[in-house]
Amino acid sequence: MNIRLKQPTKRRDDALSWSDWSVLCLINIALVFAISSSAKAARLKDMADIEGVRGNQLFGYGLVVGLNGTGDGRSVEFTTKGLSNMLEKVGIRVDSQDIKVKNVAAVLVTATLPPFSRPGSKLDVTLSSMGDAKSLQGGTLLFTPLRGADGNVYAIGQGAVAIGGFTIEGGGDAAVRNHPTVGVITGGATIERSISVDIFRSHSVRVVLREPDFTTMKRVVLALNYRLGAPLAVARDSGVVEVSLPTHLMQDPIGAVSFIEQTEVEQDIGAKIVVNERTGTIIMGDDLRLSPVALAHGNLSISIRNDVQVSQPQAPAGGGQTAVVTNGELEVGEEKRRLELVGGEATLGELVKGLNAIGATPRDLISIFAALKKAGALHADMIVM
């Protein structure tokens with residue numbers, strides 16, 4: 001590819017004009033994309049979020065009634081007091097000490113208020129038992145205000161509970177399927193108040209990477225400026241890029257955000273090793289590198305075997321005694337492993353071959369990687385789950 005750059009016209013202060021700078025910037029971006037056109041890219045929508053577009057957590061305390069004897073017992077005082085307060089609101093005064101019902105359970109109701117939601121819309125709510133109820137099967141959630149972190153009520157929950165399981169007891173036997181003390185109500189809450197968000201107030205949009213990285217951010221800025229045709233994207237740090245929206249883009253801000261989200265960028269992921277010692281699972285990225293290092297791995301095996309023998313002498317006078325003799329045998333063995341040289345900017349495939357050559361199992365690899373990391377030969381982050 002032969003590209004001829006026109007000599008920029010200089011001002012009196014020897015500075016490039018904005019148009020000339022834009023041309024040079026776009027040419028550089030085009031060269032970068034031409035070189036890395038074969039790289040795998042992902043949409044910006046799948047790796048970043050628009051600042052201000054987020055959900056808000058709601059919670060509330062409620063009562064589930066109509067249970068078939070599987071509710072909270074008398075020892076759960078907040079359930080009886082909550083039921084007493086609820087009856088008092090409808091004109092019935094009952095002392096909480098006199099309440100002896102088993103078909104009521106106290107629950108914590110949680111939900112997420114989506115962004116740009118409006119009053120009258122429906123929310124899904126989750127109910128979790130707070131007392132010693134055995135099951136929420138067949139219950140109905142009573143009128144429950146759902147509050148936000150600021151203490152204001154944003155939704156009201158009520159409806160029949162679905163638990164997706166059951167619990168059956170009888171004759172000393174019990175059968176339980178799934179988790180009967182947690183239930184959901186699809187569309188069980190009605191939004192009463194919305195949260196106003198104006199992400200275009202400053203005539204710009206801020207895009208926040210879910211995994212901040214300077215290399216990825218540089219690629220995001222180049223990709224956005226290339227697609228927008230002007231240097232409108234500016235990185236604020238390794239996780240936030242601010243995109244200015246000129247007048248022609250503010251005429252359709254939703255379309256501009258959609259255009260930004262569809263921008264494809266190659267995400268730069270650091271070398272990581274994720275291990276789960278409980279399951280023996282190991283996941284490694286293709287950017288993993290090793291410095292030259294000598295490695296030997298051997299297992300020490302100890303085997304203890306007991307052999308019990310019974311001795312019963314046959315004495316003519318009948319004075320013999322039966323004796324129990326335990327013979328123990330101890331075997332100690334160690335695998336013979338020679339020192340292997342691994343590393344030297346090894347790729348993932350070469351590393352796997354090298355570790356298989358010394359007979360390392362998945363559980364052995366965990367200790368091997370930990371030792372390599374300690375020695376400074378493993379150039380990757382090790383995450384133990």
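Student: In this predicted model, which residue of strand 6 is the bridge partner of Phe59?

Tutor: The partner of Phe59 is Arg147 in strand 6. Three bridges join strand 3, residues 56-65, to strand 6, residues 140-147.

Student: What makes strand 3 and strand 6 a pair?

Tutor: Pairing requires at least two bridges between two strands. Strand 3 and strand 6 have three bridges, so they pair; they run antiparallel.

Student: How do you know that strand 6 pairs with strand 7?

Tutor: Six bridges join strand 6 to strand 7, residues 153-160, and at least two are needed, so these strands pair as well. They run antiparallel, and the bridge partner of Leu146 in strand 7 is Ala155. The hairpin of these strands has five residues between them, and there Gly151 takes a positive phi near 90°.

Student: Why are strand 2 and strand 12 called edge strands?

Tutor: Four strands form an open sheet in the order 2-11-13-12, with antiparallel pairing. Strand 2 (48-50) and strand 12 (233-235) each pair on one side only, and are its edge strands. From one strand to the next, the twist averages 25°.

Student: What joins strand 2 to strand 11?

Tutor: Three bridges join strand 2 to strand 11, residues 204-209, and the two run antiparallel. Ala48 stands opposite Leu209 in strand 11. Helix 3, residues 214-228, lies across strand 11, strand 12 and strand 13 (240-244), and runs at about 15° to strand 13.

Student: How many aromatic pairs does a search of the whole structure find?

Tutor: The search finds zero. Ring centres would have to lie within 6.5 Å to count as a pair.

Student: How do you know what span is expected of helix 7?

Tutor: The expected span is 1.5 Å times one less than the number of residues. Helix 7, residues 362-375, has 14 residues and reaches 20 Å from its first C-alpha to its last, close to the 20 Å expected. Just after helix 7, Gly376 takes a positive phi of about 80°.

Student: What makes Leu365 of helix 7 buried?

Tutor: Buried means under 20% relative accessible area. Leu365 is buried, so its value falls under 20%. The buried residues of helix 7 also include Asp364, Ile366, Ile368, Phe369 and Leu372.

Technical notes: Residues are numbered from 1 along each chain as its sequence is written. This is a predicted model: local features need pLDDT of at least 70, side-chain atom pairs count only at pLDDT 80 or more; totals for chains, interfaces and linings use all residues. Side-chain values use heavy atoms; hydrogens and water are left out. Rings of Phe, Tyr and Trp (its six-membered ring) pair if their centres lie within 6.5 Å; planes under 30 degrees apart count as stacked, over 60 as edge-to-face and the rest as tilted. Axes are lines fitted to C-alpha atoms, for helices over the stretch in contact, and angles run from 0 to 180 degrees between N-to-C directions. Contact means heavy atoms within 4.5 Å. Buried means under 20% relative accessible area, exposed over 50%, partly exposed in between (1.4 Å probe, protein chains only).
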